[in-house]
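Morning, everyone. Please look at the screen while I walk you through one protein.

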Amino acid sequence: MMTTTWRHLPRYLVMRRGAFSSSACVGAVNFVPASRSIDPSDLERLRAFVSRARRLFVITGAGLSTESGIPDYRSEGVGLYARTDRRPMQYVEFLRSAKARQRYWARNYMGWPQFSSYRPNSAHLSLKEWEAQEKVHWLVTQNVDALHFKAGQQRFTELHGSTHRVVCLGCGVLTDREDLQKRFTKMNPGWAVEAGAVAPDGDVFLEDEQVLNFRVPSCQNCGGILKPEVTFFGDSVSRSTVQFVHDRLAESDAMLVAGSSLQVYSAYRFLLAAKERQIPVAILNIGPTRADHMAELRVSARCGEVLPVIQPC
């Protein structure tokens, strides 16, 4: 939940919250799948849907952040799965293998300067404005990039955590990812390798032999294992977070899904709950989603192209 999740924020984010302008990084279009021109009637129907809502519940996914330059996993032709045979770190592998953790953190260390520099785009800023207009009751994002926070969103939950925080698996202490970057640099003076492209969660492509001498710090409080405070593949979202989101959904009168195919159950479950509660659903996403059959309105278009032109009443 936002008030709990962001208690231990990187200091530079606390100071600059809401101060980020809309931006799509150079080359960002490479990660946005092709989409057809917007049908004006679809745009008008979506505007009407949002205007009717008094307590809008929003779910966002990777499709919202591709326009900021962050690749996703599943987009046709441009997602990580389509471009490479690489797969994300599994939770069990991270826990069991010191070599896996070394490889993960070395890649993450190299990718962090670029990943942490991404900025919110027009879609993030539009949702923040809708919240200021008291249109959005609550927002749930599957993204771990902190772009909603940077945009100034107040009422939101990071369902899968944030790469901007680090948790100790031993004592549970949360620390700033930026502080960990400084510790990596201090422990690995002169370590540098030729890096590949940045992946959706912020690490870069490195070969195993490139990371053999990379040193990984432990928790300064207890000596435990450090992990990004995100939900890895194979892990699950905490029950308390899931219940909190269900409670916010129960207070809402409409749901908008923006930039998500809903293939991951952690978010899809809230579509099932909305159906059970007879809460109307609209979906804005390039390509099909797992919940298309539940939606009363389906618009296939870029979020950054559509959300800014909708002026809800």
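Start with burial. Of the 313 residues in the protein, 53% are buried. Buried means under 20% relative accessible area, exposed means over 50%, and partly exposed is in between, with a 1.4 Å probe and protein chains only as cover.

A word on the source. This is a predicted model, where local features need pLDDT of at least 70 and side-chain atom pairs count only at pLDDT 80 or more, while totals for chains, interfaces and linings use all residues. Residues are numbered from 1 along each chain as its sequence is written, and side-chain values use heavy atoms, leaving out hydrogens and water.

Next, the elements. The protein has 13 helices and 9 strands. These are DSSP runs numbered from the N terminus: helices are H or I with at least four residues, strands are E with at least two.

Now strand 6, residues 226–230. How many of its 5 residues are buried? The count is 4, so strand 6 is mostly covered. Strand 6 pairs with strand 4 in the antiparallel sense, over 5 bridges. Pairing takes at least two DSSP bridges between the strands.

Strand 4 spans 161–168, and strand 5 spans 174–176. Leu-169 lies in the loop between them. Is Leu-169 buried or partly exposed? Leu-169 is partly exposed, because its relative accessible area is 36%.

Last, contacts, meaning heavy atoms within 4.5 Å. Take the contacts with a separation of 6 or more: 75% of them are between residues 24 or more positions apart.
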